[in-house]
Amino acid sequence: MSARRVCAMLTVPTKNGGAMVDQLQPKRRRILFVAHQACGNPALCAEVRAHAEGAADVHVVAPVLGSPMHRWTSDDSEDRALAEERLEASVSCLRKHDLRAHGTLGDGDPVQAIADALYEFPAEEIVICLEEPERAHWLRKGVVERARERFQILVTELDVTAREPAALA
């Protein structure tokens with residue numbers, strides 16, 4: 001997929017009948033990045049940067065993925081702390097790769113977390129980055145397909161397991 005760069009020309013009439021022309025800054029792409037275990041991986045961050053192809057605002061959502069035991073005991077403090085770490089690592093890594101990034105914690109259901117994040121950050125694209133071992137788990141839960149069915153925007157799954165991290169960094 002190629003980047004969509006939207007530029008506009010600003011024409012301002014002058015007193016003597018001429019015109020001043022200036023090119024406005026290109027529109028920044030808005031990407032929602034769903035953070036799972038792998039998102040602090042520098043190879044994944046480099047892949048997201050390459051995918052963004054230039055100017056982009058990235059909103060990271062880190063679902064608070066609870067274990068069955070924590071859900072049963074209603075104690076999600078450890079799960080929340082792990083999600084915070086994923087969020088901070090993801091935002092930091094994306095910023096090091098020259099992308100404007102910020103983020104929030106999300107619902108334990110990744111698709112609901114995406115829906116909540118899209119309410120605050122209307123993105124043009126959802127990027128779900130997966131690598132083993134969570135890839136099989138999320139595919140089994142149908143996260144990517146459910147997101148594609150539910151949202152009327154592009155949903156991209158980036159799988160970096162087939163690539164060498166050194167080639168992307």
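The questions and answers below concern a predicted model.

User: In what order do the strands of the open sheet lie?
Analyst: The sheet is open and has 5 strands, with parallel pairing. Its edge strands, β5 (100-106) and β7 (154-159), each pair on one side only. Neighbouring strands are turned by 25° against each other on average, direction ignored. The order is β5-β4-β3-β6-β7.

User: Which residue is the bridge partner of Leu-32 in β6?
Analyst: Strand β3 covers residues 29-34 and strand β6 covers residues 125-130. The two pair in the parallel sense over 4 bridges. In β6, the partner of Leu-32 is Ile-126.

User: What angle does helix α6 make with β7?
Analyst: Helix α6 spans residues 143-150 and packs on the sheet. The strands touched by α6 are β6 and β7. Its direction and that of β7 make an angle of about 160°.

User: At what angle to β4 does helix α4 run?
Analyst: Helix α4 (residues 110-120) lies across β3, β4 (56-63), β5 and β6. Relative to β4, α4 runs at about 140°.

User: Is Asp-57 buried or exposed?
Analyst: The relative accessibility of Asp-57 is 14%. The cut-off for buried is under 20%. Asp-57 therefore counts as buried.

User: Which residue meets Asp-109 in a salt bridge?
Analyst: Asp-109 sits in the loop between β5 and α4, and its partner sits in helix α6, 37 residues apart. The N to O distance is 2.8 Å, and the partner is Arg-146.

User: What is the N to O distance between Glu-145 and Arg-148?
Analyst: Both residues lie in helix α6, 3 residues apart, about one turn of the helix. Glu-145 counts as partly exposed at 44% relative accessibility, as does Arg-148 at 38%. Their side chains meet in a salt bridge at 3.1 Å.

User: Over the face of which residue does Arg-30 lie?
Analyst: The structure holds 0 aromatic pairs. Arg-30 does lie over a ring, at 4.0 Å from the ring centre. That ring belongs to Phe-121.

How values were computed: Residues numbered from 1 in each chain as written. Predicted model: local features only at pLDDT ≥ 70, side-chain atom pairs only at ≥ 80, totals over all residues. Heavy atoms only, no water. Phe/Tyr/Trp six-rings, centres within 6.5 Å; stacked < 30°, edge-to-face > 60°. Lys NZ or Arg CZ within 6 Å of the ring centre and 35° of its normal. Pairing = 2+ DSSP bridges. Axes fitted to C-alpha atoms, helices over the stretch in contact; angles between N-to-C directions. Contact = heavy atoms within 4.5 Å. Buried < 20%, exposed > 50% of the residue type's maximum accessible area, 1.4 Å probe, protein only. Salt bridge = Lys/Arg side-chain N within 4 Å of Asp/Glu carboxyl O.
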